[in-house]
Structures are given as C-alpha cells and as structure tokens.
Amino acid sequence: MEVDRKKFIDSLGGPEGVSRMDSEARADALESHMMAELNKPKFVPATVGLADPGKYPTTAEVEAQIETRKYRDGVGFMYVPRNGENVRRLAPMPANATLYDFFKLRFMDTANHVLQSAALAKKNGMSEEIILACLLHDVVQEIIRTDHGWWGAQLFEPYVSEKVSFAIRYHQTLRYYPDPSVGYEYPDLYRQLFGSDYVPPPYIEATYNMVRKHPWYMDARLVTVNDLYAFDPNAAVSIDPFVDIIGRHFKQPKEGLGNDGSPVAHMWRTIARPDQPL
Ligand SMILES: [Fe+2]
Ligand SMILES: [Fe+2]
C-alpha cells in the first residue's frame, strides 16, 4: 500500500509532532495510519435495506432500522466505526495538546466536513467568529451525536467567545427550519436521516422560537448556511488556512486541552483517550 508521506506526517502533528515521538511510537503510528486508510468508514445511507432505496424513508421505517444495528446512532463516530470494522489504535497525543493536535490526531471522521464548512464560510466573506464556529460546529460528534449542538457548545465554551458558542449550540436547532432570506432550505439529508414525515420534538421548536428572536440569530443561522453544502466526499481540505483565526479567537490553555482543570477538561480527555475503560 502506498503511503501519502505528507498526509501521514500531518496526521502526527507535522514534523514537530514526529520529532517528539520515539521510533517505536512512529512505527505504531504508521501501522495505525495504514490500517485507517484501508478501512476508511463509508457513509451508509439511512435508506439501505428499504424496499425502494430511491425514496426517503418514513419515520416509522427509520424507527424500524434501530434493531438492525449493533450500535445506537447517537454514539460518536470515533467510538463505533460505521463500516462494521474493528476500531484502530490511535496515534499518541502530545503532552500539551492543542486544538490543532486534536484536528490532526482525533477528529478523523468530522474534520473533513467542518473544514469544508469553514472554507465555504471564508469564501462567502463571513466574519472570523463565524468561520471559527463553522470550523468547530460538529467535531463533538466524534464522541456524541445526540444533541450535538449543546454538547459542542459546552466543549468549546471556556475557550471561545459567547457568540461563537451560541452559534455552535443553536446551529443544530436551526438546521430543521428553512430561512429563505439567506437561501437556507431544509436538508434532503434530514429526510433521509429522520424520515420524510419527521417533526422536530417540542424542545427543538421552543428553542427555535427563542433563537429566532435573539439578536445573535443570524450568527447561528450563518453556520447552517455554510453547513448545508459541505459534504463533498472528494474535497481537498486543510486546517492550515485557519491556524491564524484559531490563534486569534481560540484561547488555547498552556497546560493542554484536557489538563487545564476547566469544567470541560474531562470531555477533551475522553476524546484523547477513547480506549480508557474508566
Ligand atoms: Fe451539526
Ligand atoms: Fe455540519
């Protein structure tokens, strides 16, 4: 198997990350990298297994799929690979891990989408806060998908402005509600995921009614606008164009994420060490 040298070194945090590893750790990382490349998770549409895969399922059909799975769909991508394969050993994290390190070493299944979203926001001339919110909006789905807007906002709250965490928290709710004023429409993906006749639960509707009147409504809304078309499986993405924005708007703790004693440090440790039994 051919190894993309640059991609591999990048996945270890660049030449600096590699220089911090001993030769055994490098060999282990190479093995994990090759396994991961071989076993890239494939997206399995919710319509698989239905009589007519071309049509969107109903909510009843989506419900009937639950017992066909070995996992609950709310569990994070890094915990249960959706391709049915075994999990792979992860490269070690540096001692004082930064957001950049987490992007390179842990956000395997979400980085591509959020980088596409942030790139779109940048191209569309969004503010740096919106670009950052786009960059961070879904990465918590590595550990948990259910209510990921709330979980994601909490994960980042100590390190970003209130407006950025607001936009992350409420993008989840706004995804269900079109806003023609900015060209945001209900996603076809949701017809597939939730069923064609799905109605969001009352807490989502109540949240929408609150956010709709909030002065920061548009900040959360713009995340959804730059979220909608950020699922190109062939897009070439990189964290590098966003390093300066992260530097200006993300308060990186000097002890490293997970070691800073913040109220969410345990969430970062959970992402860093998902194989820890307790
Ligand atoms: Fe999301
Ligand atoms: Fe998203």
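Me: How should I read the word "buried" in this structure, and at what relative accessibility does Arg-221 stand?

Reply: Buried means a relative accessible area under 20%, exposed means over 50%, and partly exposed lies in between, with a 1.4 Å probe and protein chains only. Arg-221 counts as buried because its relative accessibility is 0%. The model is predicted: local features need pLDDT of at least 70, side-chain atom pairs count only at pLDDT 80 or more, and totals for chains, interfaces and linings use all residues. Residues are numbered from 1 along each chain as its sequence is written, chains are lettered from A and ligands numbered from 1 in the order in which they are written, and side-chain values use heavy atoms, with hydrogens and water left out.

Me: In which helix is Arg-221 found?

Reply: Helices are DSSP runs (H or I, at least four residues), as are strands (E, at least two), and they are numbered from the N terminus. Arg-221 is found in helix α12. This helix spans residues 217-225 and is mostly covered, with seven of its nine residues buried. The buried residues are Tyr-217, Asp-219, Ala-220, Arg-221, Leu-222, Val-223 and Thr-224.

Me: Against which helices do the buried residues of α12 pack?

Reply: A contact means heavy atoms within 4.5 Å. The buried residues of α12 pack against α7 (128-136), α9 (162-174) and α11 (202-212). Arg-221 itself, leaving aside residues up to four places away in sequence, touches Leu-174, Tyr-177, Pro-178, Asp-179, Val-182, Tyr-184 and Tyr-208.

Me: Which side chain does Arg-221 join through a polar contact of 2.9 Å?

Reply: A polar contact is a pair of N or O atoms within 3.5 Å; within protein, one must be able to donate a hydrogen and the other to accept it, and residues adjacent in sequence count only if both atoms are side-chain atoms. The side chain of Arg-221 makes its 2.9 Å polar contact with the side chain of Tyr-217.

Me: How many salt bridges does the rule give?

Reply: A salt bridge is a side-chain nitrogen of Lys or Arg within 4 Å of a carboxyl oxygen of Asp or Glu. The count comes to 10 salt bridges. One of them joins the side chains of Arg-221 and Asp-179, at 3.8 Å from N to O. Arg-221 lies in helix α12 and Asp-179 in the loop between α9 and α10, so this pair ties together parts that are 42 residues apart in sequence. Both Arg-221 and Asp-179 are buried. Salt bridges that share partners also join Arg-69, Asp-73, Arg-82 and Arg-145 into one network.

Me: What parts does the salt bridge of Glu-157 and Arg-169 tie together?

Reply: The side chains of Glu-157 and Arg-169 meet at 2.9 Å, N to O. Glu-157 lies in the loop between α8 (148-156) and α9, and Arg-169 in helix α9, so the bridge ties together parts 12 residues apart in sequence. Glu-157 counts as partly exposed because its relative accessibility is 34%, whereas Arg-169, with a relative accessible area of 16%, is buried.

Me: With which residue does Arg-175 form a salt bridge?

Reply: Its partner is Asp-227, and the closest N and O atoms are 3.0 Å apart. Arg-175 lies in the loop between α9 and α10 (188-194) and Asp-227 in the loop between α12 and α13 (243-249), so the pair ties together parts that are 52 residues apart in sequence. Arg-175 is buried, with a relative accessible area of 3%, and Asp-227 counts as buried at 1% relative accessibility.

Me: Which residues coordinate the iron ion (ligand 2)?

Reply: Donors are N, O and S atoms within 2.8 Å of the metal (3.2 Å for Na, K and Ca); water is not among the atoms, so sites may look incomplete. The iron ion (ligand 2) is coordinated by His-113 (NE2), His-137 (NE2), Asp-138 (OD) and, through two entries (OD), Asp-227, at 2.0 to 2.8 Å. Along the chain these donors follow the spacing H-x23-H-D-x88-D.

Me: Which residue coordinates both iron ions?

Reply: Asp-138 coordinates both, and the two ions, ligand 1 and ligand 2, are 3.8 Å apart. The iron ion (ligand 1) is coordinated by Asp-138 (OD), His-148 (NE2) and His-171 (NE2), at 2.1 to 2.2 Å. Asp-138 lies in the loop between α7 and α8 and His-171 in helix α9, so the pair ties together parts that are 33 residues apart in sequence. Both Asp-138 and His-171 are buried.
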